[in-house]
Amino acid sequence: MPKSTILAIETSCDETAAAVVEGSAEGQVIRDVRIRSNVVASQAATHQRYGGVFPEIAAREHVGAITSTIEAALRSAFPHQPLTTPLCPDQNRDFEGQANHQSLFSHIDAIAVTVGPGLIGSLLIGVEAAQALAMSFKLPIIGVNHLDGHFFSTFIPAPPEFPVVALIASGGHTMLVWASSPWRRTPLGTTRDDAVGEAFDKVAKLLGLGYPGGPQIEELAGRSTKNPLMFPTTLLNDCSFSYSGLKTAVRQFVEAQPRPIPEHIKAQIAAGFQHAAFEQIVGQTLRVVATRKSATVVVGGGVALNKVLHTKLRKALPGVTIRFPQPALTGDNAAMIGVAALWQQLRTKPVRRYALEAQADLKLML
Ligand code: KG4
Ligand code: ZN
């Protein structure tokens with residue numbers, strides 16, 4: 001496969017995202033990956049008042065943002081080829097922009113879109129937009145698993161040395177995967193209740209912080225000058241995770257505090273929660289690395305942005321190469337979907353059949 005340029009779309013949760021990504025296949029490896037654009041329209045401000053994502057509203061916001069986000073990704077990827085008319089001209093205008101659109105899309109080889117897992121209403125907006133564009137410009141389409149997006153976000157600038165232990169830590173997932181090659185994967189454990197990012201969001205809500213809670217908990221914990229409070233740390237025997245006990249312990253502690261809770265106590269709670277949450281992740285990762293004897297760990301997902309997690313993993317795993325995605329590729333974004341699509345093209349040819357289905361509970365393909 002020569003060089004391939006992909007327009008990627010991601011709408012699985014509360015980020016409307018589009019990106020243009022290119023890369024070249026060399027045997028079974030994708031090289032020279034270049035992210036030409038990576039645009040994310042976050043709905044965080046909208047969901048702030050609910051302390052989490054409100055699915056109906058998320059879907060409606062995607063409808064409002066999808067076209068302008070795709071346009072922004074195209075403009076930024078091809079600055080010398082301006083988009084002269086909107087992708088969806090209003091009904092009163094004729095299609096004078098067709099020629100401009102055709103020549104712009106002639107640089108694109110395929111359209112990739114997240115088909116799951118995620119919120120069904122949100123997924124559908126991205127899938128339908130991608131199919132409409134692919135159909136209009138007669139381009140092949142590639143359905144991508146969101147978890148593959150987080151996994152392959154760690155393959156930039158170059159793929160890791162295999163075998164790897166992959167840790168996906170996000171608002172929807174906490175899972176450990178053993179990968180002997182990019183596509184030969186075995187899931188080792190996942191969460192039994194909340195995902196780690198979700199626990200950060202819920203504890204942030206308890207402390208009266210905004211959404212998403214992860215960055216705010218990290219920041220508040222960093223301001224704690226005392227030892228963190230000690231909350232229970234879970235370490236299940238089977239490589240799975242659980243955050244319900246920790247969440248309840250934090251809630252009970254918060255409820256027992258006199259109001260208003262002083263800032264330094266809130267900081268100590270945030271630090272204690274963060275410590276306990278990461279003890280579990282580090283403990284399980286350490287166990288897998290020791291039993292599988294892997295020298296590479298890759299970490300993807302929104303929680304991979306947390307610097308305390310970086311430090312704790314590096315300290316617990318000396319001699320092990322640990323790769324985190326670049327910051328712009330940690331939280332949900334479309335560039336990671338484009339990169340996953342480039343790798344996916346090595347094993348399945350993209351098709352010009354516009355029958356993709358969104359699947360809310362899609363599992364990681366093995
Ligand atoms: O990957 P992502 O954008 O969406 C999902 O696929 O779920 O992850 C979002 C999650 C949120 O729960 C957010 O609170 C968490 O990632 N997060 C963090 C940090 N930045 C984002 N958690 C801890 N520390 C952070 N710095
Ligand atoms: Zn995600």
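**Close-up views of a predicted model**

**View 1. I261 lies in the loop between α8 (244-255) and α9 (263-292).** Helices are DSSP runs (H or I, at least four residues) and strands likewise (E, at least two), numbered from the N terminus. I261 counts as buried because its relative accessibility is 11%; buried means under 20% relative accessible area, exposed over 50%, partly exposed in between (1.4 Å probe, protein chains only). Leaving aside neighbours within four places in sequence, I261 is in contact (heavy atoms within 4.5 Å) with V254 and K266. L207 is 54 residues from I261 in sequence, yet the two are 8.6 Å apart in space, C-alpha to C-alpha.

This is a predicted model: local features need pLDDT of at least 70, side-chain atom pairs count only at pLDDT 80 or more, and totals for chains, interfaces and linings use all residues. Residues are numbered from 1 along each chain as its sequence is written, chains are lettered from A and ligands numbered from 1 in the order in which they are written, and side-chain values use heavy atoms, with hydrogens and water left out.

**View 2. Q268 lies in helix α9.** Its relative accessibility is 13%, so Q268 counts as buried. Leaving aside neighbours within four places in sequence, Q268 is in contact with S224, K226, N227, P228 and L229.

**View 3. The buried residues of α6 (196-206) are V196, G197, A199, F200, D201, V203 and A204.** What covers them includes β6 (164-169), β7 (174-181), α7, α8 and α9. An α-helix has 3.6 residues a turn, so residues three or four places apart point the same way. After α6 comes G208, whose phi is positive, near 75°.

**View 4. Around ligand 1 there are 21 residues (a heavy atom within 4 Å), of which G171, D201, E218, N306 and D332 come nearest.** α5 (146-152), α6 and α7 (213-222) each supply at least two residues of this shell.

View 5. Taken alone, ligand 1 exposes 560 Å² (Shrake-Rupley method, 1.4 Å probe), and the protein buries 90% of that.
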